Amino acid sequence: MDRCKHVGRLRLAQDHSILNPQKWRCVDCQTTESVWACLKCSHVACGHYMEEHALKHFQESRHPLAMEVHERNVFCYLCDDYVLNDNAEGDLKLLRGALSTVVRGPEGDPSKPSRRSLRSLASGESPSSQPHGESGRQPAMQTALWHRRQALLSKSLRAWFGKSSRGQQRLEEERRKQEQEKRKEELRLRRMEVKQRLLEELASSPPRKSARLLTQAPREHAIIPRKFRDPPERTPLLSRRSLGGARKRRRCYPSSRRKVTPGVTGLRNLGNTCYMNSILQVLSHLQKFRECFLTLDLCETEELLAKTSGVNKSRVVNGTPHSNGGPVRNDKPGGLSGSKQSLPPSLNAAELVQPKEPRSSRQMSLCHELHTLFRVMWSGRWALVSPFAMLHSVWNLIPAFRGYDQQDAQEFLCELLDKVQQELESEGTKRKIVIPFSQRKLTKQVLKVVNTIFHGQLLSQVTCLTCNYKSNTVEPFWDLSLEFPERYHCVKKGAAATAYHSDCTLTEMLAKFTETEALEGRIYACDQCNSKRRKSSPKPLVLAEACKQLLIYRLPQVLRLHLKRFRWSGRNHREKIGVHVTFDQVLNMESYCCRDSLSSIHRESFTYDLSAVVMHHGKGFGSGHYTSYCYNTEGGFWVHCNDSKMNVCSVEEVCNTQAYILFYTQRSVQQTSVA
């Protein structure tokens with residue numbers, strides 16, 4: 001590099017390693033070849049021609065400059081190039097002169113020649129080509145000849161040793177080692193090719209699950225509504241001898257499968273699908289949303305279970321469950337591993353891996369996938385599920401999320417609910433979904449629940465500042481996107497940023513959403529001011545100044561609060577606002593509703609309880625990781641859903657998270673569902 005900006009003033013101590021040739025060896029591997037000395041500390045390590053311990057030292061200490069003690073080249077690891085310039089004081093030039101003095105010996109002692117002189121003499125340069133005034137020319141020639149004789153002698157000895165029996169044995173061992181290494185490399189390349197081919201097949205056509213997977217293992221009692229439970233399997237009557245044998249086997253081989261708490265089922269990450277897993281966990285833990293989808297296609301599923309109950313019988317071999325319907329994989333960790341409060345872990349919690357049974361695009365339905373996935377997650381039988389079928393349906397029905405790119409959880413939630421609503425409204429006319437014709441009435445009930453559970457109404461009120469006339473417009477909403485106040489947008493570094501490090505509160509963001517905003521200039525055409533003007537009059541409209549305010553006219557059953565953490569910056573990309581937002585477990589929305597709706601709404605309906613939180617880990621929009629915190633209504637505890645990892649947590653831990661999407665459930669709705 002012509003100009004390296006990392007070359008600064010060198011401050012080397014008298015006992016520095018670079019000034020002592022006895023220390024010119026790597027401190028890790030003790031080699032003396034390609035030795036580099038750090039110009040910031042006294043560390044000496046080998047270069048990239050050996051074991052690259054100098055690069056490891058840079059990664060640990062972040063010291064960029066290093067000098068090769070023999071060639072005296074300087075390399076900058078931050079610029080990833082050799083340094084050709086020097087600082088203003090000329091420290092590198094002085095250091096090279098000092099090293100040449102150290103190598104040649106004190107006071108230019110010719111009895112200890114440098115490596116450069118030895119290399120020049122060994123390459124065939126005659127002593128006469130050197131200046132006549134240089135002293136010590138004859139001893140340097142003798143040293144070079146001695147090194148030459150040593151090299152020829154070692155070469156002849158190696159040739160003689162190679163022809164001996166012991167040398168032949170060593171050569172045979174080296175040849176075997178080389179063949180073994182070559183065989184290992186071929187196997188590694190073959191495995192890489194197979195893995196690449198499998199990944200390409202998965203990207204083009206992900207596997208599909210079947211409804212008969214619900215009968216892979218024996219059903220156990222689950223904490224789900226009675227009308228959604230599967231019919232119990234009838235066991236044949238056993239004789240006393242068979243009962244005694246079963247008891248003996250139970251003592252010798254204890255059961256390796258234990259009951260998993262319903263709802264505590266992890267979703268495996270299939271390649272940047274954390275956004276989908278977090279949203280699916282939240283939707284499955286919203287009780288009313290889950291129960292309305294469990295009612296879908298109930299009769300058809302029960303009929304399918306009755307047909308396949310006698311065909312796909314699960315069996316246990318050596319403590320491991322197997323099934324004819326599809327593969328079952330056992331994991332050693334239990335279904336739940338908690339830190340503060342944990343559920344009893346199972347010895348071998350089974351994972352549901354869906355087989356490859358792709359359907360055509362006409363038969364795909366997100367409603368069917370949600371119904372099947374919720375039944376599996378709340379059956380109490382599976383600790384982990386690989387949602388290949390859900391991913392396959394999302395790829396085909398929502399093309400914007402096709403592939404393994406990073407996606408936004410808020411955008412995925414809006415697209416998923418919109419597509420589900422379209423499927424329910426179509427009633428099978430445009431797309432053949434799994435809801436039978438006899439369940440059209442049930443479909444309308446589910447559609448009503450989906451439309452009303454997140455649906456609310458906003459009152460947009462524009463006030464004319466000239467005549468104080470208020471124009472009201474009612475608009476629907478499914479979520480509230482809350483912006484951060486202006487003082488949290490510019491997060492700077494240094495001591496001047498202490499004012500921006502204070503926590504933001506959720507009530508402050510709601511107050512900003514419902515505050516009165518003044519419209520710029522005279523742009524509002526007031527109906528009251530223009531009431532006396534005729535429609536056919538050539539006179540222009542009277543424009544006046546106005547202000548606008550948004551208030552909540554009707555509250556939804558489940559309130560979704562989207563915190564707009566990502567904003568467009570001046571460099572044409574989205575930055576994240578990493579300010580912590582303080583929120584409570586109970587939220588009162590009375591102060592954010594319009595006065596006209598206060599009398600019609602019951603006072604208990606203003607109170608909301610926290611149900612779920614979606615959290616984004618990371619610093620940017622195109623990177624990071626999504627997890628969710630969900631409240632298990634059946635067990636009465638909070639659980640952290642991190643793809644396949646499920647951990648029980650406390651309310652304090654949930655409230656201390658950096659929330660991205662908040663889900664609050666209306667208290668009156670909770671009491672009705674519990675009753």
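A: Let's start with helix 11, then move on to another helix, the cysteines and a couple of individual residues.

A quick word on the ground rules. This is a predicted model, with local features needing pLDDT of at least 70 and side-chain atom pairs counting only at pLDDT 80 or more, while totals for chains, interfaces and linings use all residues. Numbering runs from 1 along each chain as its sequence is written, and side-chain values use heavy atoms, leaving out hydrogens and water.

The protein has 17 helices and 29 strands; these are DSSP runs numbered from the N terminus, with helices being H or I of at least four residues and strands E of at least two. Of its 675 residues, 42% count as buried. Here buried means under 20% relative accessible area, exposed over 50%, and partly exposed in between, using a 1.4 Å probe and protein chains only.

Now for helix 11, residues 388–397. Nine of its 10 residues are buried, so the rest of the structure largely encloses this helix. The buried set is Phe388, Ala389, Met390, Leu391, His392, Ser393, Val394, Trp395 and Leu397. What do they pack against? Their partners are helix 5 (165–204), helix 7 (274–285), helix 10 (366–377), strand 11 (384–386) and helix 12 (409–426). A contact means heavy atoms within 4.5 Å. Across the protein, residues 24 or more positions apart account for 69% of the contacts with a separation of 6 or more.

Helix 8 (residues 287–294) is mostly covered too, with six of its eight residues buried. Those six are Gln287, Phe289, Arg290, Cys292, Phe293 and Leu294.

Cys292 brings us to the sulfurs. A search of the whole structure turns up zero disulfides, meaning pairs of cysteine sulfur atoms within 2.5 Å. Cys367 is in none, and its nearest cysteine sulfur, that of Cys292, is 9.2 Å away. Cys367 itself is buried, at a relative accessible area of 3%. Then there's Cys467: its sulfur sits 3.5 Å from the closest cysteine sulfur, in Cys529, which is too far for a bond.

Thr657 is another one to click on. It's in the loop between helix 16 (651–655) and strand 29 (659–666), and this threonine is buried, with a relative accessible area of 5%. A polar atom of the Thr657 side chain lies 2.7 Å from the backbone oxygen of Val654. Leaving aside residues up to four places away in sequence, Thr657 touches His580, Val581, Phe583, Val613, Met615 and Tyr629.

Last stop is Pro476, in strand 13 (residues 470–477). Pro476 and Tyr553 are 77 residues apart in sequence, yet their C-alpha atoms are 9.4 Å apart in space.

Technical notes:
Polar contact = N/O pair within 3.5 Å; in protein donor to acceptor, adjacent residues only side chain to side chain.
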